[in-house]
Amino acid sequence: MLSRTADNIYWSARYLERADFQARILDACTRLTSLPASYAGASNAWEGAIASTGGANLFRSLYDRIDEWTVRDFIAFNPGNPSSISNCLMIARNNARAVRTALTSEMWEVINDAWLELKGSTRQDMDRDEIARFIAWVKGVTQMFEGAAHRTMLRNDAYYFTRIGGAIERADNTARILDVKYHLLLPVNETVGGGLDYFQWTTILREVSALTAYHWVYRESVKPWLIADLLILNRQMPRSLASCYEALVRHFDLIAETYGQQGECQRLAGATLTHLRASCMESVFQEGLHEFVTGFIGRNHALGDGIARQYLLS
Amino acid sequence: MAMTAFDEMYGLPGDDLHTRAPYDELRRWLAATPPEQFAIRRSQAELFFRRIGITFSVYGEAEAGERIIPFDIIPRVLTGDEWAVLDRGLRQRVTALNAFLADVYGAGECIRAGIVPAELIYSNPAYLPKMAGRTVPHNLYVHIAGIDIVRVGEDAFYVLEDNARTPSGVSYMLENREAMMRLFPELFSCHRIAPVEVYPEALLATLQSVAPAGAPACPTIALLTPGPYNSAFYEHSFLADKLGVELVEGRDLIVRDDTVYMRTTEGPRRVDVIYRRIDDDFLDPLAFRPDSVLGVPGLMDAYLAGNVTLTNAVGTGIADDKAIYSYMPEIVRFFTGEEALLKNVPTWRCREPEALAYVLDNLSELVVKEVNGSGGYGMLVGPCATQGEIDQFRKKLRRSPEGFIAQPTLALSTCPTFVASGVAPRHVDLRPFVLSGTDGIRVVPGGLTRVALKEGSLVVNSSQGGGTKDTWVLEN
């Protein structure tokens, strides 16, 4: 496969995954601010949302106040924010358009329809109901893209790069949430705060659609260290760092098998997965959750560079 | 401008009672189908084209972004007998074009024999001295030709121009058929329409046949595009997909030791045949325009070393030249020993003083074209032009007469077409595609019918507001 084609496929998948993540942040945050005033954490919920997107500095340079409207504009629409939902969909579409031959027509139509609809029907001044529909629509687009990939793509290198793009972006997103909220996630038996913290924790779970999953896995009330466990080490949880790396290792192995060649990516992804599997929550908290997550984000980033070197720029 | 034109459905002008036989069923269908039904189908057609993303960009219209070429749902129909005549004529013409190009860059016999004036070749900007005396793989130049044909009467077909560089439009031929089959399956059960879907297969076989001598039995083929910002990018990606070959940009190719490779996720892979949709000038910054970022440094060296086949060959633009076109009857006779089966439109070469004088005196009745122009840019349609436009063109003509030819304004045939006010006759042309490989010539029965949507307009180019129709060749 052409290196450029792999590059476009990989980034299409990454940006669609990112669009989904941004939509979830916006969703969780809208929910948090509709809490009763007595839990008045509402005012900093918007700051938390911006921090979760990783665009705090950029946000400050674009707006002079932080509220529902500016945050919504930033996350959903602002062309000056490279990770805004509309930018993500546009970049995903541009990448897909350059390599239409490598995607199935079903995948292309999902992306192209999304882009056409976005151009035609989105407005900055949506009310809450409309923004809720918009968020649901964005999530639906990503799900349709994934579904189309799963159902229609040949299981060859193009498919593997699609999966790798999605998994590496998803790992980055989960890690970012943990990085922003690490101060809320405390080791066993250490609790601070009250109802507000509870809402913040459940918000983390909502951001990754894991509240129900949490109850199924742990069958007990929401505890911060278990949230950390779910998002970092739990192999059943599709957004956990461990799950993402299982997917990455699997697809890098398939590529290596197809090409008859191992390389940097197989080594890096394998090492990170080994590290995750060897960890338990005690050791993670001992190292320090913040340090652990920061270290992970760095390794995940290095893997991205490795992909570029090994496959995308040859 | 009131012009009486032959109508594809009704025949002679003013004879609406009579329908030409190949259109019998269509006319019944048009009369029997409720208008609302057509409105629904037309919007479905528009949606179909938009969804598959079959768009083009118009140069100089930044605002327009991606547009779709208007598609008209009333097909244009040719009988099997009409097609048989065209088919023979097209094969003969493309055979002559290939022999002419091999001769122009080789022995030069047609020039010595006085068939074409030497200066028209050697001082022509489309003539590439770099190619002189060089042999190209299998001595084939025009592997893919688009020959523009117009009709002015029941049996009167003319070649309007030869497109021997990188003719486009074949994706519309294929997608228009696809759209019609989806929208009006009932029409396909009451007509025997020759399939055009075999085109990609025919193209692939042609490209495989012209691989260089040392290439493997299943050569590696790539389609070279200028990229997503080119107006025909949709077609490039569409064809690469149908052919099952890589769609490459210049930056995907590298040349080492006069051999072309593409950059892949598994490392460099050798390329044997490049179906290039980039103009000669941009192919190789080391050989042609040094500022080209679309091309591949060293590509010409690999080509001239015989290690890669480029389709079409480099230098075919000379056969596109509209002054050369005017010599085609003589060229066909010289190289095939036969009279040309397809007629040329009578042409005044403005480089000749007597012709120029005539053209200047009759500008308001003639069509004047740049010899190197294409896409309908830079032409004057005298009967439709204002006095100001004519005066301006007169100045251009006087300044560089050798850059122009003129032709009588032909009454291009019309075909019923949906317009704002209902169904009305609009002028059409036809571009069939002719493939030349080492294993012979292939012509897919059909082509692209372009239609000038503006009332009275004779300019069918999509860049000038033209649309397209499905083209049916009925099987006998």
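The model is predicted: local features require pLDDT of at least 70 and side-chain atom pairs pLDDT 80 or more, whereas totals for chains, interfaces and linings use all residues. Residues are numbered from 1 along each chain as its sequence is written, chains are lettered from A and ligands numbered from 1 in the order in which they are written, and side-chain values use heavy atoms, leaving out hydrogens and water.

**Interface of chains A and B**

In this model, 24 residues of chain B are in contact with 23 residues of chain A, contact meaning heavy atoms within 4.5 Å. The two chains bury about 2000 Å² between them, with 44% of that area on carbon and sulfur atoms; buried area is the accessible area (1.4 Å probe) that two parts lose on being put together, summed over both.

Eight residue pairs, both at pLDDT 80 or more, are in polar contact across the interface of chain B and chain A. A polar contact is a pair of N or O atoms within 3.5 Å; within protein, one must be able to donate a hydrogen and the other to accept it, and residues adjacent in sequence count only if both atoms are side-chain atoms. On the side of chain B that touches chain A, the elements giving two or more residues are α2 (35-51), α9 (233-243), β5 (246-248) and β7 (259-264) of chain B. Of these, α9(B) gives the most, with five residues. Helices (H or I, at least four residues) and strands (E, at least two) are DSSP runs, numbered from the N terminus.

**Salt bridges**

A salt bridge requires a side-chain nitrogen of Lys or Arg within 4 Å of a carboxyl oxygen of Asp or Glu. The count over all chains is 45, and two salt bridges lie across the interface of chain B and chain A.

| Salt bridge | N to O distance |
|---|---|
| Asp252(B) and Arg4(A) | 2.5 Å |
| Arg14(A) and Glu169(A) | 2.8 Å |

Arg14(A), in helix α1 (residues 3-33) of chain A, and Glu169(A), in helix α8 (residues 157-181) of chain A, are 155 residues apart, and their pair links distant parts of the chain.

**Sheet of chain B**

Four strands of chain B form an open sheet with parallel pairing, in the order β5-β4-β9-β10; two strands pair if DSSP finds at least two bridges between them. The edge strands β5 and β10 (309-311) of chain B each pair on one side only. Strands β4 (residues 221-224) and β9 (residues 273-276) of chain B pair over four bridges, and Leu223(B) stands opposite Tyr275(B) in β9(B).
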